[in-house]
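Morning, everyone. Today I'd like to talk about charged side chains and their partners. Please have a look at this one with me.

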Amino acid sequence: SGRDSTSVRFRCHQQLIQAFSGARELIVEGELLVYNERRKVIESFGTVQDMRFDRADVLSGERHLLSVFFDILHKDGESLLRRPLCERRRILERYIKTNPRYVEIAPVAVVNFRGRDNGVELMSELFKTCIERSEEGLIIKDADSRYLPGYRGHSWIKLKRDYIEGF
């Protein structure tokens, strides 16, 4: 959008400073979401763009930003791009101190596509749960994949409700 939103997101700065303790510098990948304390839910994906910090529900803390991280690309001068996702995930979990509803690490489920049912049953259940929670979708990643900036390829697949006819 070209606008600087740093000042309007000041309320999450202290949470992030506390979450990043343990390393001098990190480059992480994540997203900002809106958590609704009254309803105890993460609001739909696009509501963060409409978050106004002069509203009563925001000033009272009823609605606030939630930072969710899912990858780490750099730590203390070292690029982690060539390391496999499973290793980057372990590093992410080591260096991000979570604070439920404020700073979280995206949940992960391991699906064995070489098993008896090829992972279809578990994948269907995960996707169904995702839709019931009004989440945008799933990202399916190869645990051994390297991070390739600007490229998803076949190692990372995005699965959204509107990709499946009749869902």
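Start with Glu62 and Arg38: they form a salt bridge, with the closest N and O atoms 3.0 Å apart. A salt bridge here is a side-chain nitrogen of Lys or Arg within 4 Å of a carboxyl oxygen of Asp or Glu. This pair links distant parts of the chain, 24 residues apart. Glu62 sits in the loop between H2 and strand S3 (63–75), and Arg38 in the loop between strand S1 (26–36) and S2. Helices (H or I, at least four residues) and strands (E, at least two) are DSSP runs, numbered from the N terminus.

A word on the source. This is a predicted model: local features need pLDDT of at least 70, side-chain atom pairs count only at pLDDT 80 or more, and totals for chains, interfaces and linings use all residues. Residues are numbered from 1 along each chain as its sequence is written, and side-chain values use heavy atoms, without hydrogens and water.

Is Arg38 buried or exposed? Exposed, at 59% relative accessible area. Glu62 is partly exposed, at 26%. The cut-offs: buried is under 20% relative accessible area, exposed is over 50%, partly exposed is in between (1.4 Å probe, protein chains only).

Next pair: Arg55 and Asp57 meet at 2.9 Å, N to O, in a salt bridge. Asp57 is buried, at 14%. Arg55 is partly exposed, at 38%.

Now, which residues are linked in a network of salt bridges? Glu43, Arg55, Asp57 and Arg63. Glu43 is buried, at 10%.

Across the whole structure, a search finds 13 salt bridges.
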